[in-house]
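Please take me through this structure in the viewer, one selection after another. Tell me what to select and what is there.

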Amino acid sequence: MTIDFSVLFQKVLEHLGFTLVSVSIGFVLGVTLGILLTRAPKLSKYILPVLSVLNTIPGVVFVGLLFLSLGMRPATVLIALSIYAMFPILKNTFTGLTSVDAQYLEAARGCGMDHFQRLMMVELPLAMPTIIGGLRMSTVYTVSWAVLAAMIGQGGLGDFIYQGVSSNNNALILQGAIPAALLALVLGALVDALQRHVVPKGLRKGRDEA
Amino acid sequence: MLQFEHVSLSYGGQKILNDLNFEIQEGQFAVFIGPSGCGKTTTLKMVNRLIQPDSGHIYLSGKDIAAVDRYELRRHIGYVIQQIGLFPNMTVAQNICVVPRLLKYPKEKYESLVRELLAMVDMPYEKYAHKYPSELSGGQQQRIGILRALAASPPVVLMDEPFSALDPMTRRSLQLEMKNLQQKLNKTIIFVTHDMEEALDLADVIIFMNKGNIVQMAAPEEMLANPATEQVREFLGKHQSGPAPADLTAADFMRTGIVTVNQNRGIHECVSRMQHHNVDTLLVVDENKCYQGTVSIADIRLTGHVVKSIGPLVRDNTPTVMAGDNAKDCFDLLISSGSPYLVVLYEDRTVAGIITKTSMASAMAEQLWG
C-alpha cells in the first residue's frame, strides 16, 4: 500500500494541535489549582482523592459523555484532553509545593516575603523540577489520548487507527500508531530540554552531587 | 530598644509564655537560654511577628509592633535560623540581596552591597558571589545566612540557635566573627541558644527562661556570681568557677600532710623518717609545734656524726608565708627566691603545708581549665 504523505502530515498536525492546546490549558489549570489547593490544606484532603478517582475514568467514557452534551465539535475533544492533561500537573504541583523544605519557608517568612513573593521567589522555583515532571507525563499521555478525537470525527492520527481497526488493516493502524509514538518521544524530549532550562541551576548542581 | 510588656501566650490550654516583661537596650547582645520548651524560641519569633501573643505589647524602637505591617516589620529585622535556609535556587549574591530586593533598593546598589558584606566575613566576591549554597560548606553557608540578615542594615537581628548545627571548630570561629560584627556595626542582637558556654561568651545580658517565665536576667558575670535558682546553677555547671583568682590564698593550693620532726630528736630517727616518707628534707618544729626551719639529708651526711640531735643542723633559709597570704604573692616569692618550695604557716607559726612549683602549676591549671 502507498502512504499519502500529505494526508499523514495533516493528521500529524491535527494530532499535535490537540495535544499542544490541551496540554497548555491543562498546565495552566493544573498549576493554578495545585497552588490553590496548597493554600487550602483542609480542602485538599477531600479534593485530591476525588481527582484521582476522576483520573481513573477511561478517556473513552469521558469523551463519550462530553459528546452527548456538547456534540461533535473540536471543543469536546479539547475539553476532555485538557482535563486529563491537568491531572498529573495538578498532582505534581501540589506535591512539589508541599514538599518544599520548611527551612526555606521559614527563612522566606523571616525575610519579610508576603504570600505571593514566597510563591514566586521560593516555592515555585523549588517545586519546578516536580512540576515539569508532571508536564512531561501529561504531554506523553495526551499524545496517546488524542487518538480518541477520531472517535467523534475530529481527525488526528486516530483516524488511521480507527479505520485500520474497522477494516482489519494492520498497515493503516501502524500508520497512525507509529507517528503517534514518535510524536510522544519528540515532545517528551522537548519537555526534558525545557526541564534543563527552567530548573534553577543551584538545584541541578545539588542533584548531581547527590 | 526592645520592650516586652505583659506578653502571654497559651496554646491548647497550656501556658507557653507567662506575662513576660523585659527590656533590651540598644546595641546589646541579649541571649535567651533555658531547657527545651522553656519558650525562648517562641519569645524570639514574637519580635518579628512569626508568632502572635495572646495578650500584651511588644515595642521595638518605641513602636508597638502589632501596629506595623508584618512584612514591612520583618524586612527591617534580621533573621538567622539554625537550619540556615539559604534559598538553593539563588546564588550567594542573590541570597544576600533578598531583603534589599523586597525593599526595592535600586539594582545598581546590589553589587557594591554584596562586595562590602562578603568582605566582612573574608569571602572574596570573585570567588563566592556567584556560587550556589550547595557548593559551600556549612560554616560558609551560615556566614551568608548572617549576611542575608544584615543586608538591609536592620537595627535588630534575631538569631535562633544559629550555630548549633555546625561542628565545634566552625562554631567557635563564627561566634567570634559574630561578636566582632555586632560590636563593629552596633547591632542589637536577640540570640537563642541552649549552650551556656556560647551564652557566656557572647552575651551582654543573659535571659534564663523556664516554663514560659524569666527566671533570671543578668550579665554573665552577675549570673555566674549569683545564680537565681538551682536550675540556673546547674546550667552554669562547669563554667562556674570557685572564688576569683584574686581571692585565692596560699591555703587554697598548698600541699598538706607534711612530715615534720621535733628539733630534739636524734639524727638516726630523722634519717629513718626521711627514708620512710621518701623525702630529702624535713620541717623542724619545737615542742609547741612552732616552725623552726628545715633539715636536709645532705647536712646530716656532712656533719651528722658530730652531733646527737638535729638542732644544730636546722637551717631557716627557706622562705615562709602565712596561710592567709595572697596566692599571687606566694607564687612571686617562690619564683624570685629560687627556693624549691615555700613553707606555709598558720598564725601561731605551726606548719600548715608547703607550696612547691608543682602545686603552683596545678593551681593555675585549675583556674584556666576548671
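**Helix H5 of chain B**

The model is a predicted one. Select residues 109–120 of chain B to see the whole of H5(B): its twelve residues reach 17 Å from the first C-alpha to the last, close to the 16 Å expected at 1.5 Å a residue.

Next select B:Val114, B:Leu117 and B:Leu118, which are buried. These three lie on the same side of H5(B), because they cover an arc of only 100° around the axis. Then step just past the end of H5(B) to B:Asp122, where phi is positive, at about 60°.

**Strand E6 of chain B**

Move to E6(B), where five of five residues are buried. B:Ile77, B:Tyr79 and B:Ile81 point one way, while B:Gly78 and B:Val80 point the other way. In a regular strand, side chains alternate between the two faces of the sheet. Now show E7(B), residues 156–160, which pairs with E6(B) in the parallel sense over five bridges. Within this pair, B:Val157 of E7(B) stands opposite B:Gly78.

**The contact between the chains**

Finally, display both chains: 21 residues of chain A and 21 residues of chain B make up the contact. On the chain B side, select H2 (70–75), E6 (77–81) and H4 (98–102), the elements that give two or more residues. H2(B) gives the most, with four residues. Coloured by type, the chain B side shows twelve nonpolar, five polar and four charged residues.

Definitions and conventions. Residues numbered from 1 in each chain as written. Chains lettered and ligands numbered in written order. Predicted model: local features only at pLDDT ≥ 70, side-chain atom pairs only at ≥ 80, totals over all residues. Contact = placed C-beta atoms within 7 Å. Nonpolar A, V, L, I, M, F, W, Y, C, P; charged D, E, K, R; others polar. Buried ≥ 20, exposed ≤ 12 C-beta atoms within 10 Å, placed from the backbone. Pairing = 2+ DSSP bridges. Expected span 1.5 Å × (residues − 1). Arc of directions from axis to C-beta.
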